[in-house]
Every structure is written in structure tokens, then in C-alpha cells.
Amino acid sequence: PNPGTPPQIRGALTADLTINVEDIDRFCGHLRLNDLPLMFDLDGDRAVGDDDLRVLVKDILGSVPGDADLNGRFDSEDFVAVFTAGQFNRDTPTASWATGDWNCDGVFDNEDLIVAAPYYS
């Protein structure tokens, strides 16, 4: 690396170099735009897509779809959080991981619940 360039931390996709929900949201935003820089290639296959999102969520963050608070499980606390946020079935793509967008399309709807359902505990 060049002097003054921070080291790349696998999964840290934002400038703060921490790995958290903002990294998922940034990944999803780029995925929606089909703007996928190689720094988002988290599985090492030189292509960026859904597999990289799974690596970020499961392997790096130790989480699952539906886990809005990133505590490692999808449970009733996550349901309360996402439905309280009021994003369900909105027409505008403003949802984030923490507000129910678990398939990266920008909205919280039935499709997200289908993606997350196998992980509910």
C-alpha cells in the first residue's frame, strides 16, 4: 500500500474502517446501481454479486438475513425494530438493512421476509 493509504480490511466498505450495518447498506446501494468495485469482491472470485453479500453478512459479521440489529440471530426483537421503523411496503426504495431490506432492493416487503424466514429463531 501507498504511505497514507489505510490498509484494506476485508468487509470494511466505508471510510471508518469498521465493519457494521453501514457496510451492508453501502454494498446494497452499489448492488442496486450495478456499480460493483472489486473491493466488494469478498469471496475472492473476481466478480461481485450476491455471494459477496452472503460472505459479508454470514462470514464477516457472523449474522443472517433478518438480523436487523446484527446480534447474530433473527428473532422477535428484529421484527419489532423493522416494523417500528415503518418501512414495510413503501413504494420508495428507502429501507436499509436495519429497517428490513435484506435482499438489497431498497424496500422492505414480503420478498425480504421470504429471504429471512429460514433464519428465524
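Ala, Val, Leu, Ile, Met, Phe, Trp, Tyr, Cys and Pro are counted here as nonpolar, Asp, Glu, Lys and Arg as charged, and the others, Gly among them, as polar. The structure is a predicted model, in which local features need pLDDT of at least 70 and side-chain atom pairs count only at pLDDT 80 or more, while totals for chains, interfaces and linings use all residues. Residues are numbered from 1 along each chain as its sequence is written, and side-chain values use heavy atoms, with hydrogens and water left out.

With the classes above, the lining of the largest pocket comprises eight nonpolar, two polar and three charged residues; a pocket is an open set of points on a 1 Å grid over the protein atoms alone, where a 1.4 Å probe fits, with protein on both sides within 12 Å along at least five of seven lines, and lining residues have an atom within 4 Å of a point. The volume of this pocket, taken as the space filled by probe spheres set on the points, is about 270 Å³. Of its 13 lining residues, Leu 53, Arg 54, Pro 65, Val 115 and Tyr 119 are the closest to the centre. Helix 2 (residues 50–60) gives the most to the lining, with five residues, helices being DSSP runs of H or I, at least four residues long, numbered from the N terminus.

Ile 24 lies in helix 1 (residues 21–33) and is buried (under 20% relative accessible area), with a value of 0%. Contacts of Ile 24 (heavy atoms within 4.5 Å) include Leu 53, Leu 56, Val 57, Leu 61, Leu 70 and Trp 97, not counting residues up to four places away in sequence.

Notes
Helix = DSSP H or I, 4+ residues; strand = E, 2+ residues; numbered from the N terminus. Buried < 20%, exposed > 50% of the residue type's maximum accessible area, 1.4 Å probe, protein only.
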